[in-house]
Amino acid sequence: MAVAPVPLWAVCVLRVALATVYFQEEFLDGERWRNRWVQSTNDSQFGHFRLSSGKFYGHKEKDKGLQTTQNGRFYAISARFKPFSNKGKTLVIQYTVKHEQKMDCGGGYVKIFPADVDQKNLNGKSQYYIMFGPDICGFDIKKVHVILHFKNQYHSNKKSIRCKVDGFTHLYALVLRPDLTYEVKIDGQSIESGDIEYDWNLTSLKKMEKSSAESKDWDQAKDDKSQDWEKHFLDASANKPSDWNSELDGDWQAPMLQKPPYQDGLKPEGIDKDVWLHQKLKNTHYLTEYDLSEFENIGAIGLELWQVRSGTIFDNFLITDDEEYAENFGKATWGETKGPEREMDAIQAKEEVKKAREEDEEELLMGRFGGHDKGFQRFHRRDEF
């Protein structure tokens, strides 16, 4: 009996069901966002956010997000979710950012925090796990930050990843996989990828740690073996003399051989360092001690940044373990409104050009027909003095 093919929609539903969504925010319920997001009160001068779709958009409601509102300010706001660990799982961080003001200097990145972060006191010194997203300042800095917290230090990706610098909405995604590979996407396109161990300059740190651990274990083995070595200084081939009288002469002992004592560099008999280390590490979970992209207590996402000129809009936040779900979510949000957004901007630009031309023509006409009157009025004002 032939088996009917599984419809595509069923596959998609199954895929969504298998995905774990840790956090998702689209700001579709109006001002209720204030119940989920906490503004930091660490500094009274922190800038404030409002919900806005901006001056131009693809959909007035769907494109509403958190918009910075004050120039020359630091901003700090965050939202919690149920804590989780990404150990052994893929981690995808995705969101949209729109520098409607055409950013001259300021951040557009997000930070992922441990669950115990103090939201009310969130500031630049608050520990975070991951920092990801665009940063623009002048002609020199136009980059995508990817910073990971590892062994109590922050480590930046050594590759230069360029961000978008126009005034449209863009989709940013970071993928960290359990095989220690990563990928950075902008607008659904992969723009950088590689190995976390190498692209974060962590290989030297990892090798140093490994070398230290190996040396420690090897030194211990040498100490243990040297003790065995000392025990074998007696001549095992010697025989007790036939005229030995145990009652008169005591217990007989084989004579000591003139072997040198154990020294560093003199290999103990029956052991090879390379073979020993291979056997020692073969069945251990050594690499788990050096995980570079696993975080045990992820529990908050936030915006902690500085902007010279405000107006940036943040929207469509997503944290999940499923790359396909993130891709589909991006298409259903940014993908649906990116085209209409550019169309609206183009229409507004034409209207502005038309208005400017009309104003120029009006000023020209006023100068041509009203210039004598203006000059006469200026003459009489001067004459009054």
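The largest cavity in this structure holds about 90 Å³ of space. By cavity I mean a set of points, on a 1 Å grid over the protein atoms alone, where a 1.4 Å probe fits but cannot get out. Volume here is the space filled by probe spheres set on the points, with points joined across faces, edges and corners.

Before going on: this is a predicted model, where local features need pLDDT of at least 70, side-chain atom pairs count only at pLDDT 80 or more, and totals for chains, interfaces and linings use all residues. Residues are numbered from 1 along each chain as its sequence is written, and side-chain values use heavy atoms, with hydrogens and water left out.

Back to the cavities. There are 3 of 30 Å³ or more. A lining residue has an atom within 4 Å of a point. For the largest cavity the lining includes Ser53, Asp63, Trp334 and Glu341, and β6, β16 and α7 each give two or more residues. Helices (H or I, at least four residues) and strands (E, at least two) are DSSP runs, numbered from the N terminus. By class, this lining has 2 nonpolar, 5 polar and 4 charged residues. Nonpolar covers Ala, Val, Leu, Ile, Met, Phe, Trp, Tyr, Cys and Pro; charged covers Asp, Glu, Lys and Arg; the others, Gly among them, are polar.

The second largest cavity has about 40 Å³ of space. Among its lining residues are Val97, Lys98 and His99. Which strand gives the largest share of that lining? It is β6, with 3 residues.

Now the pockets. A pocket is an open set of points with protein on both sides within 12 Å along at least five of seven lines. The largest pocket has a volume of about 350 Å³. Its lining counts 18 residues, and Lys55, Phe56, Glu100, Gln101 and Lys102 lie nearest the centre. Helix α7 (334–384) and strand β4 (65–68) each give two or more residues to this lining, with α7 giving the most, 4 residues. The classes are 3 nonpolar, 9 polar and 6 charged.

The second largest pocket holds about 260 Å³. Of its 17 lining residues, Leu171, Lys185, Asp187, Gly188 and Glu327 lie nearest the centre. Here α6 supplies the largest share, 5 residues. The lining has 6 nonpolar, 5 polar and 6 charged residues.

One last residue. Val308 sits in the loop between β15 (298–307) and β16 (312–320). Its relative accessibility is 34%, so Val308 counts as partly exposed (buried is under 20%, exposed over 50%, partly exposed in between, with a 1.4 Å probe and protein chains only).
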